[in-house]
Amino acid sequence: GATTGGDKKIGEKLFAENCASCHGAQGAGGGVGPSLRDESRRMNFETLVSWIQDPEPPMPRLYPTPLHDEQVRDIAAYVETL
């Protein structure tokens, strides 16, 4: 269900489609991107949203297209569960 401004179940699907190729399945790392496990210890929900919307290279910019605001919030909600 929706938590912390995003839907983690939808976010899990969006993560698999848009993020897992770099951050690995379930955010465990293994691709070009780092592990996102325990990322919620470093960043709160709003900081995660901001990071996804305006990432530093080499992370690709996926906002505002193909991801829109609600989808970014859904992914952030999912990342909080890792």
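Q: What does "buried" mean here?
A: A residue is buried when its relative accessible area is under 20%. The model above is predicted, and its helix α4 gives a case: the buried residues there are Gln71, Val72, Asp74, Ile75, Ala76, Ala77, Tyr78 and Val79.

Q: What does that count say about how α4 sits in the structure?
A: Of its 11 residues, 8 are buried, so α4 is largely enclosed by the rest of the structure.

Q: Why does glutamine 71 count as buried?
A: The cut-off is under 20% relative accessible area. Glutamine 71 has 19% relative accessibility and therefore counts as buried. This residue belongs to α4, which covers residues 69–79.

Q: Which residues is glutamine 71 in contact with, apart from neighbours within four places in sequence?
A: Glutamine 71 touches Leu14 and Pro66. Leu14 is itself one of the buried residues of helix α1, residues 8–18.

Q: How should I read the buried residues along a helix such as α1?
A: Start with the general idea. An α-helix has 3.6 residues a turn, so residues three or four places apart point the same way. In α1, the buried residues are Gly11, Leu14 and Phe15. Because they cover an arc of only 105° around the axis, they lie on the same side of α1. Lys9, Lys13 and Ala16 are exposed on the other side.

Q: What covers the buried residues of α1?
A: The cover includes α4, together with β2 (6–7) and α2 (20–23).

Q: Which residue caps the N-terminal end of α1?
A: Aspartate 7 does, with a side-chain oxygen 2.9 Å from the backbone nitrogen of lysine 9.

Notes
Residues numbered from 1 in each chain as written. Predicted model: local features only at pLDDT ≥ 70, side-chain atom pairs only at ≥ 80, totals over all residues. Heavy atoms only, no water. Helix = DSSP H or I, 4+ residues; strand = E, 2+ residues; numbered from the N terminus. Buried < 20%, exposed > 50% of the residue type's maximum accessible area, 1.4 Å probe, protein only. Contact = heavy atoms within 4.5 Å. Arc of directions from axis to C-beta. Polar contact = N/O pair within 3.5 Å; in protein donor to acceptor, adjacent residues only side chain to side chain.
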